[in-house]
Amino acid sequence: MMSDTPHPPASGPLEAGRPAPAFTLPATPDQQLALADLRGKPVILAFYPADWSPVCGDQMVLYNEVLPEFHRYGAQLVGISTDGVWCHAAFAGERRLHFPLLSDFEPKGAVARAYGVYREHDGTSERALFVIDGEGIIRWSYLSPLGLNPGADGILDALDALAGAPQQGARS
Amino acid sequence: MKMLTPPVGPEDHMQGPEDAPVTLVEYGDYECPYCGEMYPVIKALQQAMDDRLRFVFRNFPLTGAHPHAGHAAQFSEAAAAIGRFWEAHDLLYEHQDALDDASLASYAQALGIDPADLEAAFDGRFDARIRVDFSGGLRSGVNGTPSLFINGRRYDGAHEPEALLDALELAAAVAG
């Protein structure tokens, strides 16, 4: 549940430098996860429109494979969609996902709204990424075209920047 | 624009002339059905482009989704160690319905891979190399399989043979 006061309509994803809005959401039918629980280490928030998108190009399946790389930075990955907890449980089980999927279900999309990534007409979130530092400040955000899996390169570059490491490879 | 990182090098598995004007890189998973669909397409492209195309395959096994993808990649690297990577690659894509360990062992026998070497591959002998492929893919913006790069640039177009051939011909024209 969101405990915060209502947020004004979003005009795009919250940008780097802003404090990450607090939230507490169900991670399983009987467990809640609060952003505050993850303080002290980087957090990757991956908003996505829905469970059960096509298999091989699936963003969550890709991130599941990248977990060891994320963990090398001490970063915790959290997926968020407006799907319900039982849907998440079935999806995570079938795809063997090893990170929490949070249910932004009631009030619907409240966390997505707070981060500026709710799609009013669809009732889902955008496909959007946030990297939050250990102090709870957004350090990088990215809005992906809805149908395009954004991959992990942007997240890894952001984690590099957080760690003060030189960026690997050249990107334009 | 997502660029291939690292660029193609001597460590890569490649087919076709090194000085071909066009290099096509595939990040693939042997158990991914879409990679299976891409397999004959790439064969056709190689035929159409002939010695104007160099093809490179890099490992991108999504082992959580595809339980046999990891061992299949390890088997292919064991084949590479005896110079038979492409035969292994083709065998795997032609038998995507039979990638269990027993099947892989029979393919290994057919290729002349020592059973002990296959075991060592399953135990991780080539995992560092597979990991390098995978990490490079992540850095290059690979977001699923198959992901294709044409002369270092990610190809986001259609996977139909005609569209791909157009893209390759264009790259060849640009390369002069």
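Reader: Is Arg129(B) buried, exposed or partly exposed?
Author: This is a predicted model, where local features need pLDDT of at least 70, side-chain atom pairs count only at pLDDT 80 or more, and totals for chains, interfaces and linings use all residues. Residues are numbered from 1 along each chain as its sequence is written, chains are lettered from A in the order in which they are written, and side-chain values use heavy atoms, with hydrogens and water left out. Buried means under 20% relative accessible area, exposed over 50%, and partly exposed in between (1.4 Å probe, protein chains only). Since Arg129(B) comes out at 22% relative accessibility, the label is partly exposed.

Reader: Which residue forms a salt bridge with Arg129(B)?
Author: A salt bridge here is a side-chain nitrogen of Lys or Arg within 4 Å of a carboxyl oxygen of Asp or Glu. With the closest N and O atoms 3.7 Å apart, the partner is Asp133(B).

Reader: Okay, and which residue of chain A does Arg131(B) pair with?
Author: Arg131(B) also belongs to helix α6 (residues 127-139) of chain B, and its pair crosses to helix α1 (residues 59-72) of chain A. The closest N and O atoms are 3.3 Å apart in this salt bridge.

Reader: How many salt bridges does the structure hold?
Author: One of them joins Arg119(A) and Glu126(A) at 3.1 Å, N to O. Over all chains, the total is 18.

Notes
Helix = DSSP H or I, 4+ residues; strand = E, 2+ residues; numbered from the N terminus.
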